[in-house]
Amino acid sequence: MIRNVVISALLLALFGLTGAALVAAVHQGTQARIEANRKADTLERLHAILPEGEYDNAITQDTVRLSHPLLGGGERTVYRARRDGRPVAAVFSVVAHGGYAGDIKLLVGVRADGRVAGVRVVEHHETPGLGDGIEADKSDWIRGFDGRSLGDPPREDWAVRRDGGDFDQFTGATITPRAVVEAVRDTLIYFRDHRDQVFAQNRQNPGEAS
Amino acid sequence: MSTRSYRRIVADGFWYNNPGLVQLLGLCPLLAISGTVVNALGLGLATTLTLVASNLSVSAIRNWVRPEIRIPVYVLIIASVVTAIELAMNAYFHELYLILGIFIPLIVTNCAIIGRAEAFASKNSMPRALVDALAMGLGFTAVLVALGGLREALGQGTLFAQAHLMFGDMARGLTLTLVEDYRGFLLAVLPPGAFIGLGLLLALKNAVDEHLERRAARRRTAMAEQPQT
């Protein structure tokens, strides 16, 4: 009786070990490639906002983590683009909390002069066919932010038309665009008030010089 | 223990005992990932791969794993296999991996897999278990793709959209646009569309079965009426 239990336990442990070994081996084999994929993803997203030729530093390494309610709270990564050491733009990964179905993760690129370089949705759970017009693949709406700034339109017009603002909503979906417009506006406000801090922190970062 | 012919195993997987249409197992991924053909195919093939690996391992160890610990052992095998597949997809089909997301690790919970391990692989030789896994997996994939095609065609007016996620850049031209400037049919894209579509597929299968049954019955009566010599 006891013998059987021990044998069963040993067998189970053996299978556990075999399974763990298999997973560990595959992990070893794929780790480098997965990491490279992840980096390529980030870079591709950044390049959709800020063309490659506009900066000359290693943008994925020249990052700083900031925390502020205007950026959606929590620690947010900011990628800094520089050319000859001078700030070109900052790309904020922010979260819009006011979505129709959970948080909307955005990348908001702001040029050094405060104009929007571009905005892209990284992750959302909005209704397909209604709220998903915020994706660059589905409609051009998100490109409407390009080149805008806090003065253009005036700050009180940074809202969807339904709220008396300057940005279109979608047919059947006001909440999603509203959340995105407000998140972009808040990012611009944060950038205006903390510009030096955004670019100055972490000066010892090795990525900056390269 | 009856040993079914290979032919019968294959027919079971694709039709008479299809995991999607007859056993109604694995409905969660079936309904969630059948929005487009490419997503459906990706998840279907990942599930098939898992089935093959788990059926083979379970069949290989069937004579020396004690009955009382067989279920935890199956779970261990399936979980390790799925984790390995998840890592491999993340590395080699990264964009597809991002779209399928949580549904790849969730293959672990697809009852069709542990069901085949317990009901078939644990009682049959490895070649049989392999054929069963392929038949069941591809049968499941076929239902996924059929549902995906139905929903994609109705919902977006295309077929094989984003085929490059699976077959590389060469496949970009594969996308068929069925209707130019299609405005989209939201119901087909949303979850209710998955339920309705699966219902239609089930009805279609039952209608075909009924038709075949009736024809077989007619043939039997015709045979019986023939004069005996």
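Analyst: Helices here are DSSP runs of H or I with at least four residues, strands are E runs of at least two, and both are numbered from the N terminus. This is a predicted model, where local features need pLDDT of at least 70 and side-chain atom pairs count only at pLDDT 80 or more, while totals for chains, interfaces and linings use all residues. Residues are numbered from 1 along each chain as its sequence is written, and chains are lettered from A in the order in which they are written.

User: What makes up residues 1-20 of chain A, helix or strand?

Analyst: By that DSSP rule, the span is 95% helix and 0% strand, with its end C-alpha atoms 29 Å apart. An unreviewed UniProt entry annotates residues 1-20 of chain A as "signal peptide"; such annotations may be inferred rather than shown by experiment.

User: Why is H3(B) called roughly antiparallel to H7(B)?

Analyst: Helix H3 (residues 37-60) and helix H7 (residues 126-156) of chain B pack at about 165°, axes 8 Å apart. Axes are lines fitted to C-alpha atoms over the stretch in contact, and angles run from 0 to 180 degrees between N-to-C directions. Under 35 degrees counts as roughly parallel, over 145 as roughly antiparallel, 65 to 115 as roughly perpendicular and the rest as oblique. So H3(B) is roughly antiparallel to H7(B).

User: Which domains does chain A have?

Analyst: Domain 1 (1-49) and domain 2 (54-208), from an automatic or database domain assignment. Their centres, taken over C-alpha atoms, are 35 Å apart.
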